[in-house]
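Morning, everyone. Please have a look at the structure on the screen, and then I'll walk you through it.

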Amino acid sequence: MPQLPAPPVLLADEPGSFPHSVLAERHPAIIRQVRDAFPYGPGQHRALDALLANCTEGVIEPLPGGAHDVERWRSWGLDEYTGRSWFEVPWLWSESWFYRCLLEAVGHFPPGPWQGIDPFRPAKLAELDAPETDEELAALDSLEHATAADRATALLHGSLWGNRADLGFRLSAPGAGTTAASGLVADDSDALWALLSGRPPGTLFLVADNAGRELVPDLLLLAHLLEHGHARRAVLHVKPHPYYVSDATTADVVDAVRRLTAARGAAARYGRFLWSAMGDGRLTVRAHPFSCAPLPYADMPGDLREEFAGGTLTVFKGDLNYRRLVGDRRWPATTPFADVTAYFPGPVAALRTLKSEVVTGLDAATEAALDAEEDGYWRTGGTHALIQVASRGAGG
Ligand SMILES: O=P(O)(O)OC[C@H]1O[C@](O)(CO)[C@@H](O)[C@@H]1O
């Protein structure tokens, strides 16, 4: 296993940089969005005001005494970062901390009337109910007569580009979600299908990203893989609580499956298949606390490592999961994907549209052509995507 020299971790301390804009502009916009979405009381408004001031100008503060997850956050670095500016600690950490603080402000965790209320739910439901979702579901009918291989490719690409449908991202990426997707910067789909065509079929893990119009195609892909013998069992890892605006929780899985069963035609058939697969254990939902950790997957706990080790393949969806999979560092873009994921206990794949600067596994010519064409925007604009696979341990 190659020991790579690790380049610096991304911070948000450079005004004008992408990470800085997320902390300085996107987070205040998310607070506004959440504030407008619910008839919160004065205490919640005051807490949101305090968070706005704290996350833009203040320092990281301890969690309130008695918070259910104090020890967890201490083990994730809270003591080390308390008292420091949000802009000077790892960007991955401060972004994750923002969502923890936001949930605190709206009373999501402590016992009380607002416990368990998802501040992002109105936006998630609006997306699921949007006419675009109807159009995407209706398009499934035209795939019914395609060959299984063509359908599989279409569903894989649906899941991949579904990652553009990210509500937080739309708050600050001009045109995101509306312009035509222009291309893959890496495409290891042959290796992915090779892993999923082994006999006997095994367990597939899918580490989900966003709810709504990303989760629906993820579920369709899982249904296809189960139905066509590419996997015996699928495990969908979602977030244990609302996170990064649109990240999928178990409630969002339920909403998505219900949305499918209530649709017409092929979509309804997929919905019924998923419902029964959940009923007989072919499809399981997991909500591990580490799914919301501010840390890279290289630091995953033993139980999770052991779980992934038993999979034929683990697929990481989306940008944030990619950052956590490869490490949120200034990797040269040509660093091999297999090297940065060498710690992972089994075959692993990433399906991601590019919405932050971290990228690995490109060839030098591709990177040069993209830079010449777009001067860096290709890394963050959600206009490009990748399918990357490290088949290690599978004889690949
Ligand atoms: O929903 P995704 O694909 O994980 O994208 C979320 C991305 O948006 C950001 O919050 C800001 O770009 C990133 O930090 C994160 O990687």
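Let's start with Asp 209. Asp 209 is buried, because 29 other C-beta atoms lie within 10 Å, and the cut-off for buried is 20 or more. Keep in mind that this is a predicted model.

Where is Asp 209 found? It is in the loop between strand 2, residues 203-207, and helix 11.

Which residues does Asp 209 touch? Leave out residues up to four places away in sequence, and the list is Asn 163, Glu 214, Asp 247, Lys 317, Gly 318, Leu 320 and Asn 321. Take Leu 320. Asp 209 and Leu 320 are 111 residues apart in sequence. In space, C-alpha to C-alpha, they are 7.9 Å apart.

Now the nonpolar cores. In soluble globular proteins, nonpolar side chains tend to be buried together. Here, the largest nonpolar core has 71 residues. Six of them touch the most other members: Leu 206, Leu 219, Leu 222, Ala 234, Leu 236 and Leu 274. Helix 11, residues 215-227, gives the most to this core, with 9 residues.

Pick out Leu 206. Again leaving out residues up to four places away in sequence, Leu 206 touches Asp 218, Leu 222, Ala 234, Leu 236, His 237, Val 315 and Lys 317. Lys 317 is also on the contact list of Asp 209.

There is a second, separate core of 37 residues. Leu 10, Leu 23, Trp 76 and Ala 123 are among them.

Next, the domains. The protein chain is divided into domain 1, residues 18-119, and domain 2, residues 126-390. Their C-alpha centres lie 27 Å apart. How many residues make the contact? Domain 1 gives 20 residues, and domain 2 gives 20 residues.

Look at the domain 1 side of that contact. Helix 1, residues 18-37, and helix 5, residues 91-105, each supply at least two residues there. By class, this side has 12 nonpolar, 4 polar and 4 charged residues.

Last stop, helix 5. Helix 5 has 15 residues. From its first C-alpha to its last it reaches 21 Å, close to the 21 Å expected at 1.5 Å a residue. Why say that helix 5 is largely enclosed by the rest of the structure? Because 14 of its 15 residues are buried. Just after helix 5 comes Gly 107, with a positive phi of about 75°.

Key
Residues are numbered from 1 along each chain as its sequence is written. This is a predicted model: local features need pLDDT of at least 70, side-chain atom pairs count only at pLDDT 80 or more; totals for chains, interfaces and linings use all residues. Domain bounds come from an automatic or database domain assignment. Two residues are in contact if their C-beta atoms, placed from the backbone, lie within 7 Å. Helices (H or I, at least four residues) and strands (E, at least two) are DSSP runs, numbered from the N terminus. Ala, Val, Leu, Ile, Met, Phe, Trp, Tyr, Cys and Pro count as nonpolar, Asp, Glu, Lys and Arg as charged, and the others, Gly among them, as polar. A nonpolar core is a set of buried Ala, Val, Leu, Ile, Met, Phe, Trp, Tyr and Cys residues joined through C-beta atoms within 7 Å. A residue is buried if 20 or more other C-beta atoms lie within 10 Å of its own, exposed if 12 or fewer, and partly exposed in between; C-beta atoms are placed from the backbone. The expected span of a helix is 1.5 Å times one less than its number of residues.
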